[in-house]
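Welcome to a set of worked exercises on a protein model. Have the sequence and the 3D view open, try each task yourself, and then read the solution step by step.

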There are 2 protein chains.
Amino acid sequence: MAKKSKTYDKFLVKVKEISYLNQALALLRWDQETYMPPGTVNDRAQQVALLSGIIHETVTSKAMGRMLAELKKDKSLDEDQKVNVREFARDFKRATALPPKLVKELSETESLAMDAWLRSRKELNFKVFEPWLVKTIELKNKVAEHIGYEDQPYDALLEEYEPMMLTKDVEAILTPFRKKLVPLVAKIAKAAKEAKVDDSFLKGDFNIEAQRIFFTEIVKAMGYNFERGRLDVTTHPFTIGEALDVRITTRYNPKDLRPGLFACIHEAGHGLYEQGTLEKNYHTPLGVAISLGIHESQSRLWENIVGRSLPFWKFYLPKMQKTFPALGNVPLDRWYKAINNVQPSFIRVEADEVTYNLHILLRFELEKEILEGKVKASELPSVWNERMEKYLGIVPPDDVQGCLQDVHWSCGLVGYFPTYTLGNLLSAQIYYKIKKDITGLEDGFAKGKFTPLLNWLREKIHRQGRRYMYLDTCKRVSGTALDEDNFMRYLKEKYGSLFGIQF
Amino acid sequence: MAKKSKTYDKFLVKVKEISYLNQALALLRWDQETYMPPGTVNDRAQQVALLSGIIHETVTSKAMGRMLAELKKDKSLDEDQKVNVREFARDFKRATALPPKLVKELSETESLAMDAWLRSRKELNFKVFEPWLVKTIELKNKVAEHIGYEDQPYDALLEEYEPMMLTKDVEAILTPFRKKLVPLVAKIAKAAKEAKVDDSFLKGDFNIEAQRIFFTEIVKAMGYNFERGRLDVTTHPFTIGEALDVRITTRYNPKDLRPGLFACIHEAGHGLYEQGTLEKNYHTPLGVAISLGIHESQSRLWENIVGRSLPFWKFYLPKMQKTFPALGNVPLDRWYKAINNVQPSFIRVEADEVTYNLHILLRFELEKEILEGKVKASELPSVWNERMEKYLGIVPPDDVQGCLQDVHWSCGLVGYFPTYTLGNLLSAQIYYKIKKDITGLEDGFAKGKFTPLLNWLREKIHRQGRRYMYLDTCKRVSGTALDEDNFMRYLKEKYGSLFGIQF
C-alpha cells in the first residue's frame with residue numbers, strides 16, 4: 001500500500017511539473033498575441049519550440065510510461081486518482097503515438113500551409129492553398145493510422161478535441177439536426193426579413209476605454225475572477241491558461257459595441273469554466289476542462305442564451321445607454337430585436353446563432369469527405385458553394401468569403417469544427433434543466449444576478465474537470481441523452497416570439 | 001579540425017537553448033511585475049523555480065563539462081569562439097560551485113529575510129531583521145568559500161556582478177574618490193543651499209498618459225528600438241531581456257514629472273546596451289552585457305550627463321512646456337538649476353548625482369566590514385548613522401530612512417552596491433573621450449540628435465558583449481586606466497558653473 005501510493009505521489013509530482021511548464025508556455029503564447037514587440041517573433045518561435053519539446057519529453061518519458069503501467073493496475077487508488085491516471089494515460093498515448101519524423105513534418109507543413117493560406121486569400125486564388133490542403137489531409141490520415149481508430153480515420157482526429165466520442169456518434173446527432181435546421185433557418189430568416197428590423201442605431205461612436213470599463217463590469221457580474229485573470233485586447237479573442245492564471249481577450253470596434261461585448265461574454269464563459277475546477281485538483285487532469293464541446297457549451301450559454309436574452313438587457317440596456325449616449329434611448333424591444341436579427345451570411349464568425357450551426361455542419365461534412373477522399377481538395381470551392389446554397393440559400397461571391405475564410409485547416413485543425421455545434425446543442429439542453437432547477441432564474445438576470453446560474457454550472461460541470469466526457473456530462477446534468485430537441489425548442493421559442501412565427 | 005568544430009557547434013546549440021530558456025524565464029518575471037493577476041503568485045513561483053531548475057541542469061550538465069574541458073584546450077578556435085567558451089566556462093564554474101543544499105538554504109533564507117525586512121520596516125524595528133542579516137552574511141561567507149577567492153571572501157561575491165575585478169581594485173579606486181568627494185559634496189551643497197534654488201514649479205498636475213507619450217518620444221530619440229522592446233509600468237523601474245526582446249519599465253508620478261522621466265532615460269540607457277550587441281552574437285555570451293559597472297555607466301551617462309544637461313533641455317523644455325501647461329514658462333536656466341539641485345538626503349534612490357556616490361560608498365564599506373566580522377550585524381544602525389554624519393553631515397531620524405531602506409541585503413545581494421559608483425566613474429571617463437571624438441556632440445543634443453553618441457557607444461562598448469571586463473573596457477575606450485579624476489572634473493565643471501563655485 002505504502003509502495004503503491006509512493007508511485008502515485010511521484011507520478012503527481014511529474015504531472016504538476018508538466019502543468020507548470022504548460023502555464024509558462026501559455027504565457028509565451030498570450031504575450032505573443034498581446035504585448036510582445038513585433039520584432040521578437042523569431043526568438044519567441046525558438047522559445048516555444050524548446051519549451052514544447054521539454055514538455056513533450058517529460059510527458060513521454062520512459063519513467064512516466066512505467067509509472068502509468070503500474071498505476072493502471074493499481075486497485076488501491078481512489079476514484080479521483082483513477083481519473084488522473086486514466087486521463088494522463090490518454091495524453092501519454094497520444095503524445096507517444098506519433099513518430100518524431102511525422103511530428104516534425106506536421107509542424108513544418110502547418111507553418112508553410114498557413115503561409116500559403118494567407119497568400120491564397122491575398123491573391124484570391126484557391127490554387128495557391130490547394131497543394132497544402134492535399135498535404136495536410138495526407139498527413140492527417142497518417143496521424144489517424146498511428147493513433148488508431150474504431151471505425152474511421154476521422155475518429156482519431158476528433159478524439160483530440162472531443163475525447164472518447166466517435167464520428168458516428170456525432171453524425172447520429174448532427175444529421176437529423178441539419179435536416180430540421182435547414183427549413184427552420186429559412187422560415188426564421190424570411191420572417192426576420194419581412195419584419196425589416198431596424199438596427200441602424202447599433203452603429204455610432206463608442207469610446208474604447210468606456211467599452212473596456214463597461215464590459216469588465218459585465219464580466220465581473222458573471223463571476224469571472226480578476227484576481228486570477230485578465231482581460232486584454234487581441235486580433236482574435238481567446239481564453240488561455242489554467243489554475244491560478246486564466247486570461248481572456250477581446251477586440252473593440254469603435255463603431256459597434258457588439259463585437260467587443262459578445263466576445264467578452266463568450267470568453268468569460270470559457271474562463272469561468274477553467275476558473276471553476278476545484279482548487280485542490282489544480283495542476284492535475286481533474287483541474288482542467290476536458291472537451292471543446294463542453295467548453296463551447298459554457299461560452300455559448302453565456303453569450304447567446306444569457307447575453308442575448310431579454311432579461312439580461314432589461315438590466316443592462318439602461319446602464320449602457322447612460323454610458324454611451326450615441327446609442328440614444330431606443331426601447332428595450334427594438335434593441336432586443338436588433339441584436340437578434342437573423343440573416344444568412346457568408347462568414348461564420350459573423351453569423352447569428354440561428355444560421356451559425358449550418359456553417360459548422362457544412363465544414364464538418366466537408367472535412368470528413370475530404371479526409372475519406374470522397375471530395376477532392378480541388379473540388380472544395382465548388383462543393384462548398386453548392387452546399388452553402390443548399391443549406392443557407394446563398395452563394396459566396398469568392399473563396400475568401402467561402403472555403404478560404406477559416407484558419408483551421410491551414411493550421412492542421414481537422415476534427416475541431418463539430419465541437420462548436422456540439423457546444424450549442426449542449427448549452428440549450430443544460431439551460432432547460434437549469435431553468436427547472438432554479439426558480440426565478442431569469443428574473444435574477446433582469447436584476448443583474450448571475451450567481452445562481454454560475455453556482456449550478458460550477459457544481460454540475462466546472463468542478464468535474466476531466467472526470468466525465470461530453471455525452472456522459474450531458475446525460476448526467478440534464479437527465480437525458482443529447483439530442484437536437486432542446487436547441488430546436490430554444491430557437492422556436494425565442495425567434496417565434498421575436499418575429500411572430502407559428503411553428 | 002572537423003571534429004573540433006563539431007564540439008563547438010554542439011556547445012553552441014546548448015548555449016543558445018539556455019539563452020532561449022532564460023528569455024522565457026525573463027518573461028515570467030516581467031509579467032509578474034507588470035500584468036500578472038495578483039492571485040497567480042503561487043503558481044508563478046512554481047513556474048519560475050521549475051524553469052530555473054531546468055536551466056541550471058542544462059548549464060551544469062556533465063556533457064557541458066566535457067565540452068568545455070575539450071574546448072578550453074582547443075587551439076583552433078577563433079577569437080570570438082574563445083570568448084564564448086571562456087565566458088560560458090565562468091558561468092559553469094559558478095553554477096557548479098555551490099552544493100545543492102546551500103543553494104536551497106540561500107533561496108529559503110532570501111524569501112524569509114525579505115519577509116523579515118518588510119516587517120522590520122513596518123514595525124520600525126531593526127531587531128526583526130537583524131537575525132536574518134546575520135544568517136545571510138553567514139551563508140554569503142559559505143558561498144565565498146565554495147566559489148573561492150584570491151584575497152578575501154568579498155572577491156567571490158563581487159565577481160558575480162563585476163567579473164574578474166578584485167575588492168582591492170575597487171578599494172584602490174573608491175577610497176581616494178571618497179576622500180575627495182566628501183569635502184566636494186559639502187562645498188556644493190553649501191553653495192546650493194545659499195542659492196536658494198526655487199524648484200516649486202516642478203510640482204503640479206501632469207496627466208499620466210501624456211507623460212507616457214512624451215517620455216516614449218524621448219526614449220525613441222535616444223535610439224531605443226520599440227520593434228524589439230516595450231515600455232511599461234512597475235513599482236520599481238527595471239530593464240529585462242536580451243537579443244530580440246529587451247523591455248524597460250518606469251513609474252509615473254502624477255504630481256512630478258521627474259521620477260517617470262529620469263527612470264525612462266536611465267532604463268533606456270540599460271536597454272540600449274542590451275539591444276546594441278551584434279545580432280550575429282545573440283544568444284551567446286558575446287551577445288549580452290558583461291558587467292553591472294559597465295551597464296550602470298550606460299544608464300547614468302544617459303540619465304545624468306545627457307538627460308540632466310543644459311543642451312538636452314534646450315531642446316526638450318519648450319516641448320515639455322507645450323505638453324504640460326502646469327509647468328508654466330519658467331526659463332531654461334531656472335529649470336536646469338531646479339533639476340540639478342544638490343542637498344544631502346537620507347534615501348539613496350532619491351539622491352542627486354553629487355551626493356549619490358557617498359550613499360554607495362557607505363554601503364560598500366559596511367557590507368564588506370560586516371562580511372569580515374569587523375562590524376557586527378547588531379551594530380549596523382549605529383555605524384550607519386555615524387557614517388552618514390561623517391560623509392553627508394546628516395543623521396537619519398529612524399532606520400527605515402537609514403540602514404533598512406534598501407532591499408539588497410534582504411534578498412542576498414551582497415557585493416552589488418559598488419557597481420553603481422563604478423558605473424558613475426566610468427560614465428564620466430567615457431564621456432570626456434566621446435566629447436573629444438565627436439565634434440559638436442552637445443550642439444547635437446540641443447537639436448535632439450543623439451545618434452552620434454549612440455553610434456559611438458554601440459561601436460566601442462555595446463557590440464563587445466562579454467568580450468572585455470570593466471577595467472579593460474575603460475582603458476580600451478578612454479585610453480587611460482579608471483580613476484576618479486574625470487568624474488570629479490565633471491562635477492566641478494557642472495556644479496561650479498551652476499552655483500558659481502571656484503574650485
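Helices (H or I, at least four residues) and strands (E, at least two) are DSSP runs, numbered from the N terminus. This is a predicted model, in which local features need pLDDT of at least 70 and side-chain atom pairs count only at pLDDT 80 or more, while totals for chains, interfaces and linings use all residues. Residues are numbered from 1 along each chain as its sequence is written, chains are lettered from A and ligands numbered from 1 in the order in which they are written, and side-chain values use heavy atoms, with hydrogens and water left out.

**Exercise 1. Positive phi**

Task: Find where Lys196(B) lies, and decide whether Lys196(B) is buried or exposed.

Solution.
- Step 1. Look between H8 and helix H9 (208–222) of chain B: Lys196(B) sits in that loop.
- Step 2. Recall the cut-offs: buried means under 20% relative accessible area, exposed over 50%, and partly exposed in between (1.4 Å probe, protein chains only). With 72% relative accessibility, Lys196(B) is exposed.
- Step 3. Check the backbone. Most residues other than glycine have a negative phi. The phi of Lys196(B), however, is positive, near 40 degrees.
- Step 4. Now turn to Ala243(B), which also has a positive phi, about 55 degrees, without being a glycine. Its place is the loop between strand S2 (239–242) and strand S3 (245–250) of chain B. Ala243(B) has a relative accessible area of 1% and is buried.

**Exercise 2. A covered helix**

Task: Work out how many residues of helix H7 of chain B are buried, and which elements these residues pack against.

Solution.
- Step 1. Helix H7 (residues 153–161) of chain B has nine residues, and seven of them are buried.
- Step 2. Among these are Tyr154(B), Leu157(B), Leu158(B) and Tyr161(B), and the list also includes Asp155(B) and Glu159(B).
- Step 3. Look for contacts, meaning heavy atoms within 4.5 Å. The partners of the buried residues of H7(B) are helix H4 (79–97), helix H6 (126–147), helix H8 (167–194), helix H11 (292–306), H14 and H16 of chain B.

**Exercise 3. Salt bridges within a chain**

Task: Describe the salt bridges Glu209(A) to Arg212(A), Arg489(B) to Glu493(B) and Arg348(B) to Asp406(B).

Solution.
- Step 1. Start with the rule: a salt bridge is a side-chain nitrogen of Lys or Arg within 4 Å of a carboxyl oxygen of Asp or Glu. The whole structure has 88 of these over all chains.
- Step 2. Glu209(A) and Arg212(A) are joined with an N to O distance of 2.7 Å. The two are three residues apart in helix H9 (residues 208–222) of chain A, about one helical turn. Glu209(A) is partly exposed at 41%, and Arg212(A) is partly exposed at 34%.
- Step 3. In Arg489(B) and Glu493(B) the closest N and O atoms are 2.8 Å apart. Both belong to helix H20 (residues 485–499) of chain B and are four residues apart. An α-helix has 3.6 residues a turn, so residues three or four places apart point the same way.
- Step 4. Arg348(B) and Asp406(B) bring N and O to 3.0 Å. Arg348(B) is in the loop between H13 and H14 of chain B and Asp406(B) in the loop between H15 and H16, so this pair ties together parts 58 residues apart in sequence. Arg348(B) is buried at 5%, and Asp406(B) is buried at 12%.

**Exercise 4. Where the two chains meet**

Task: Say how chains A and B are related, and describe their contact.

Solution.
- Step 1. Superpose the copies by least squares on the C-alpha atoms of residues with pLDDT of at least 70 in both. A rotation of 180 degrees with 0.0 Å of shift along its axis puts chain A on chain B (RMSD 0.0 Å). The copies are thus related as by a two-fold rotation axis.
- Step 2. The contact takes 34 residues from chain A and 34 residues from chain B. The copies meet through the same surface, because 100% of the interface residues of chain A are also interface residues in chain B.
- Step 3. Across this interface there are four salt bridges, including one between Asp245(A) and Arg44(B) (3.5 Å, N to O).
- Step 4. On the side of chain A that touches chain B, helix H1 (2–34), helix H2 (41–59) and strand S3 (245–250) of chain A are the elements that give two or more residues. H1(A) gives the largest share, nine residues.
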